[in-house]
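Work through the exercises below with the model open. Each task is followed by its solution.

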Amino acid sequence: MLPVQNQVAVNVRDLVKQFGDFTALRNVSLAIKDNEFFTLLGPSGCGKTTLLRTIAGFEHQDEGEILLFGDSIAGLPANQRPVNTVFQNYALFPHMSVLENVMFGLEMLGSSKAEARPLAHEMLELVRLGEFAHRKPAQLSGGQAQRVALARALAPKPKVLLLDEPLSALDLKLRKAMQLELKALQRETGITFIFVTHDQEEALTMSDRIAVMSAGEIQQLGSPKDIYEHPDNVFVAGFIGETNLLPVSVDEITNGHAHCHLGGGHKVICSAVEGVAVGNDVHISVRPERLRMSAQPSDQQSLPGTVVETVYVGSDVQSYVQLNEGPLLTIRTQNSALGKQAIFALGTQTYVTMETGAARLLQD
Amino acid sequence: MILYAPLVIVTIYSFNDSKSIITWQGFSLRWYFDMFTGPESAKFKVAASNSFIIAIVSATVATTIATLAATAIVRGGAARYRTASLGLLSLPLMVPEIVTAVATLIFFNTIGFSRGLTTIILAHIVFCIPFAYLPIAARMQGIEDTYEQAAMDLYATKRQTFTRILLPLMMPGIISGYLLAFIVSLDDFIITNFVKGAGVETLPTAIFGAVKMGIKPNIMAISTALLLVSVVFVTISYFVAKADNKNK
């Protein structure tokens, strides 16, 4: 028998969904493991919500199939799928108390009120809202309503919990707190979470794995670290975090290294990737925090340029360096590292050091 | 305000302690007692009870139909059918009532239906539906469909979703629609007068019949009482709709 962690909870195969002329999902395939915090990340209109709603049973695919722990759920309506959803606007029933809301799913599954009540109380304790059981949803704050929605969806013990941008209505501080709470809740309950968001930071914070989506397709699937450090293409590199996206031409590929040049003739060496050949005009991505400035050229790749702007952004200082006859680079220096790393005044000549491996070659 | 002057005058003179309707002889409730004990009281009591039976039955049936129609029209189907259905449903509001009255009469005659209480109730149900429908549909449109999705997601059947979620959420609209339908039925004269059988009177037709032989002060008292019922119902309907808006 397979270890539990490797069992596939949701297996999506070649899913196609069209709304009139608009294709929301083009042949999407992915396997979500049991007990995993899985995030669908992408800009609005990328198909992430459609995919979630198709798993929930609110939409029906035109092609492809969805397996839940090995069983096809194509023919099952939403009320027969052992998955529950936390809605973006929570959709708490306004005419019921918090407790009645949480009891609803249990009652619909056939529990009597007497059986459902202690379970519902237990769920409310889990989200630390025990004292709020008899309030109406209108008397709750946004964060509390969010937690009730979670308790309501978790009460029937679903095999998979679907979360449709549940944190987007909360303010920043509350959102950060809820991110950690959700992550902890997932670990405690051991239920597979499928989380939809357009917020890349949220996705990086919480997920075990992320599928980055755009235009109805999965662009890249991997751990947060994979996706941030080794983006597969220009879209992923640009969407996740800040980056310097620079057009390059590939001059030579030897020993797995690609020798490229930027505009202005600046030479850059990075790891070769499949699908990029000599003579191609492609892009590289360099994260601003992977670049250093120095007064003299260093022994690594050093690109000469001029500091054109410095911006103080709290924890970091952001410098903009115009390479000689080349592109503009953004460089991020942590304030805590100022002792070791230099910041240069406006207009000064400087050398930008790009350590090997900092630049990532991308397919377009 | 000037438009309400006749109503105000009727109301004031209903408290007149005089057999004449023009000379004021001091305040009295005699015509209100006369409503229950006077020589014509038996006739008006029967008419009033007819009116209330008709209003209750037709408002109940019309509201039920309107609720189901609103659920189906607002939730199901394409947008163009929605507009068409709304137009069709509100048609009785635009068609001159006399036309509806004549048409209904011809219809009952053609199918050989003998006129009486039943014909009045049937006719009232039909023209009460749009009055009940409008507030219910307005309410329904304000209910996001995520509530139903959430209920379905939590394993409720379609029927459970309707009775446990939709119906309670629609209730303010339903009450408002019911009261409106009730009042419209209670006050109707034209259609009732056409389709009522001989000897069956409702309050409005009975008042009309009495007025034909000259206006007596007891008519003013009855009219004022009817006015009061209408005002109370419309006010309740208004506050139900308003209180509910605050809740959302």
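**Exercise 1.** Identify the helix of chain A that gives the most to the lining of the largest cavity.

Solution. Step 1: the lining consists of A:Leu52, A:Arg53, A:Ala56, A:Phe58, A:Thr85, A:Phe87 and A:Asp164. A cavity is a set of points, on a 1 Å grid over the protein atoms alone, where a 1.4 Å probe fits but cannot get out, and lining residues have an atom within 4 Å of a point. Step 2: helix H1 (residues 48–56) of chain A contributes most, with three residues; helices are DSSP runs (H or I) of at least four residues, and strands (E) of at least two, numbered from the N terminus. Step 3: about 40 Å³ of space lies in this cavity, a volume being the space filled by probe spheres set on the points, which are joined across faces, edges and corners.

This is a predicted model, in which local features need pLDDT of at least 70 and side-chain atom pairs pLDDT 80 or more, while totals for chains, interfaces and linings use all residues. Residues are numbered from 1 along each chain as its sequence is written, chains are lettered from A and ligands numbered from 1 in the order written, and side-chain values use heavy atoms, without hydrogens and water.

**Exercise 2.** Find the side chains that meet in a salt bridge between chain A and chain B.

Solution. Step 1: the count between the two chains is one salt bridge (a side-chain nitrogen of Lys or Arg within 4 Å of a carboxyl oxygen of Asp or Glu). Step 2: B:Arg164 and A:Glu107 form it, at 3.5 Å, N to O. Step 3: on the side of chain A that touches chain B, strand E6 (83–86) and helix H2 (98–108) of chain A each give two or more residues, and H2(A) gives the most, with four.

Conventions:
On a 1 Å grid over the protein atoms alone, a cavity is a set of points where a 1.4 Å probe fits but cannot get out, and a pocket is an open set with protein on both sides within 12 Å along at least five of seven lines; lining residues have an atom within 4 Å of a point.
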